[in-house]
Amino acid sequence: MGAGSRGRELDAPGLGDSRRAILSELKRSGRGTIPELAARVGLNVETVREHVKHLTSQGLVRREGTRSSGPGRPEVVHTLTPDSQTLFRRREGELLRGLARHLKATGHEDVLRDFFDRLVEQRRAEAMARVRHLTGRKRLEEAARILSEQGFMAVVEESGGRPRLRLCHCPFRDLVAETTIPCRAEIGFVHELVGRELVGPGLTRVSYIPSGDASCSYEAQ
């Protein structure tokens, strides 16, 4: 089977057929030397060596010891890195949407609400300790860093002389397609992080990803 017919399990169109095939083969076999991979994907050894070098520099493949298969120098064994796993097709988003749909249909949406309340509670103590002694812009920027660490890609901007916190990515996007419970939990947590000194009586969401906006943005009322 040639390189062009492998690698269809990956969501990585920018890699090219040969590199996709090598990653796919490493996923199937767990590990392999350059000659082994060359034989399995139907490419010559030097071509595979160059591809593996490139994939290693991208953090997708790593060395894992050596293996001797006869006379001569042992061959380096290569395997996938944890980062490479995100390239392979996954179904968590689809399953999350299905789970949320099922809980809503059976009258158990409160289970999701309780889950997100507990999730926020688990993060609250450490996050609040980081912002407790900060004020003004410094507190807002630290809040943005905390939210970015949690996958929200947060940035601080000025809008009409007032600070705006913009979340450029929603790590719960698949779930939010079925329920806004994560959004309600999120705005409460953001309000606590930013503090009343900056937001006064509360935050107003002025843009919203599920409504088609590029980001979720919050301003002081």
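A pocket is an open set of points on a 1 Å grid over the protein atoms alone, with protein on both sides within 12 Å along at least five of seven lines. A cavity is a set of points where a 1.4 Å probe fits but cannot get out. Lining residues have an atom within 4 Å of a point. Grid points are joined across faces, edges and corners, and a volume is the space filled by probe spheres set on the points.

This is a predicted model: local features need pLDDT of at least 70, side-chain atom pairs count only at pLDDT 80 or more, and totals for chains, interfaces and linings use all residues. Residues are numbered from 1 along each chain as its sequence is written, and side-chain values use heavy atoms, with hydrogens and water left out.

**Largest pocket**

- The largest pocket holds about 270 Å³ of space.
- Its lining has 17 residues. Leu96, Pro171, Phe172, Asp174 and Leu175 lie nearest the centre.
- Helix 4 (92–105), helix 5 (109–131) and helix 7 (173–176) each supply at least two lining residues. Helices here are DSSP runs (H or I, at least four residues), and strands are runs of E (at least two), numbered from the N terminus.
- The lining of the largest pocket splits into 12 nonpolar, 2 polar and 3 charged residues. Ala, Val, Leu, Ile, Met, Phe, Trp, Tyr, Cys and Pro count as nonpolar; Asp, Glu, Lys and Arg count as charged; the others, Gly among them, count as polar.

**Second largest pocket**

- About 200 Å³ of space lies in the second largest pocket.
- Its lining residues are Ile34, Arg49, Val52, Lys53, Thr56, Arg63, Glu75, Val76 and His78. Helix 3 (45–57) and strand 3 are the elements that give two or more of them.
- Helix 3 gives the most to this lining, with 4 residues.
- By class, the second largest pocket is lined by 3 nonpolar, 2 polar and 4 charged residues.

**Cavities**

- The structure has 2 cavities of 30 Å³ or more.
- The second largest cavity has a volume of about 30 Å³.
- Phe116, Leu119, Val120, Arg123, Phe152, Phe172, Pro182, Ala185 and Glu186 line the second largest cavity. Helix 5 and helix 8 (181–194) are the elements that give two or more of these residues.
- Helix 5 gives the most to the lining of this cavity, with 4 residues.
- The lining of the second largest cavity has 7 nonpolar, no polar and 2 charged residues.

**Strand pairing**

- Strand 4 (residues 154–159) and strand 5 (residues 162–167) run antiparallel, joined by 6 bridges. Two strands pair if DSSP finds at least two bridges between them.
- Glu158 has Pro163 of strand 5 as its bridge partner.
- The hairpin of strand 4 and strand 5 has 2 residues between the strands. Gly160 in this hairpin takes a positive phi near 60°.
- Strand 5 also pairs with strand 7 (residues 216–220), in the antiparallel sense, over 4 bridges. Arg164 has Glu219 of strand 7 as its bridge partner.

**Thr81**

- Thr81 sits in the loop between strand 3 (75–80) and helix 4.
- Thr81 counts as buried because its relative accessibility is 10%. Buried means under 20% relative accessible area, exposed over 50%, and partly exposed in between (1.4 Å probe, protein chains only).
- The side chain of Thr81 reaches the backbone oxygen of Gly59 at 2.5 Å.
- Not counting residues up to four places away in sequence, Thr81 touches Gly59, Leu60, Val61 and Arg62. Contact means heavy atoms within 4.5 Å.

Technical notes. A polar contact is a pair of N or O atoms within 3.5 Å; within protein, one must be able to donate a hydrogen and the other to accept it, and residues adjacent in sequence count only if both atoms are side-chain atoms.
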